[in-house]
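Thank you all for coming.

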Amino acid sequence: MSWFDVADSGLSGAGEVTMLSREEVRKCLTNLDPVGVVRETLADHDRGVGLLPAEAYLRWENSQGAYTRSIGMPGAVRSSYGMKIINASVSNPASGLERAGGIGLCFDAETARITTIMEAGLLSAVRTAAVSAVGVDALGYGGAVSLAVVGCGAQGRMHAALLAERLPSLREVTLYDRSPEAARALAATLPGISAQVCPTAREAVSAAEIAVFTTTMDVGYVEPDWASPSALLINVSLGDLTDAAFRDAAAVYVDDVDLVADNPRRPLGRLMAEGMFGRPGSAGSARPLDGTLGGILTGRHSADGVASPYVVLNPFGMGVLDVALYAAVSAKAREEGLGTVVHLG
């Protein structure tokens, strides 16, 4: 018997873990309301229910010199504990891969053991689009007839599909991607809606009441005069809006102020660090952020609705929302007998 066999002989194993593939996650989602889960969790977070620790961030450049990173996002809400590990490289699409992918983990509340591991790429896109959908409703844009999507990868496709389903008045979608083929492919998935592939991002944005940015850009290029009057600009990706676009907005909303303030890698976090923006309700020379989505849902913050010249929503991405979705998917998988049980002990 080896030394590690002796050392391990008195210890209990790690137990059973259920593995859920992307297709199994997809099956669970067909019987869930992700937007409802996200809305409830945003409100819970604003009430102080749950935990949202700091993210772990690892960045490097791959052999092609492309920005590559891994982010660990733990969180807890009510009786659900877990973590999202989402990795990405901007060179992936050129290799036929989605830019980002990863795993979602559910933890046992008593033992802290991992109980479920699931594919998280699909859920990450669903969560992000669901936050935008909540923002569209909460900020008064549910009657929009036109939508722009800039960046037609996985996130852009998910946003277009979800918003097309949830906006009953939507009639026109304008699309832009550096790859016209990606934009045309997305347009083909939107039957019953007039979908136009635009030659420039500006043309797509200027035609829409709601513009969603889901690119891989890290340098701002969207100027204030791009927006149509009283539009909603949803800055999902890293750095599409210029400093001026934030500064000139009628209102700027986020998902979590601490996430913004603690992340100077993203433009709005940098603007807070530089003193251009402050926390909601703060005094001084910095312009206060107008509120959070959770604060609007609970009534702690107010939203004036459609406003001129335009409104900005800049959600950074909260791990606690992913954890809430993981818990819902895990419960649905147990109900439907989905997943592969792996014995680690």
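Let me begin with a question: which residue in β4 stands opposite S70? Please keep in mind, while you look, that what is on the screen is a predicted model. The residue is N87, which stands opposite S70, and the setting is the pairing of strand β3, residues 67–77, with strand β4, residues 80–89, which runs in the antiparallel sense over ten bridges.

Stepping back from that pair, we find β3 and β4 within an open sheet of seven strands, whose order is β2-β3-β4-β5-β6-β1-β17 and whose pairing is mixed. The edges are formed by β2, at 56–61, and β17, at 340–343, each of which pairs on one side only. Between neighbouring strands of this sheet the turn is 15° on average, with direction ignored. Helix α2, residues 22–29, packs on the sheet, where it touches β1 (16–20) and β6 (114–119), and the direction of α2 makes about 80° with that of β1.

Now to the helix pair. Helix α4, residues 121–138, packs with helix α12, residues 319–336, at an angle of about 120°, and their axes are 10 Å apart. With that angle, α4 is therefore oblique to α12, and the crossing of the two helices is right-handed. On the α4 side the contact involves L123, S124, R127 and V131, which meet L321, D322, L325, Y326 and V329 in α12.

Terms used: Residues are numbered from 1 along each chain as its sequence is written. This is a predicted model: local features need pLDDT of at least 70, side-chain atom pairs count only at pLDDT 80 or more; totals for chains, interfaces and linings use all residues. Side-chain values use heavy atoms; hydrogens and water are left out. Two strands pair if DSSP finds at least two bridges between them. Helices (H or I, at least four residues) and strands (E, at least two) are DSSP runs, numbered from the N terminus. Axes are lines fitted to C-alpha atoms, for helices over the stretch in contact, and angles run from 0 to 180 degrees between N-to-C directions. Contact means heavy atoms within 4.5 Å. Angles under 35 degrees count as roughly parallel, over 145 as roughly antiparallel, 65 to 115 as roughly perpendicular and the rest as oblique. A crossing is left-handed if the near helix is turned anticlockwise from the far one by less than a right angle, and right-handed if clockwise.
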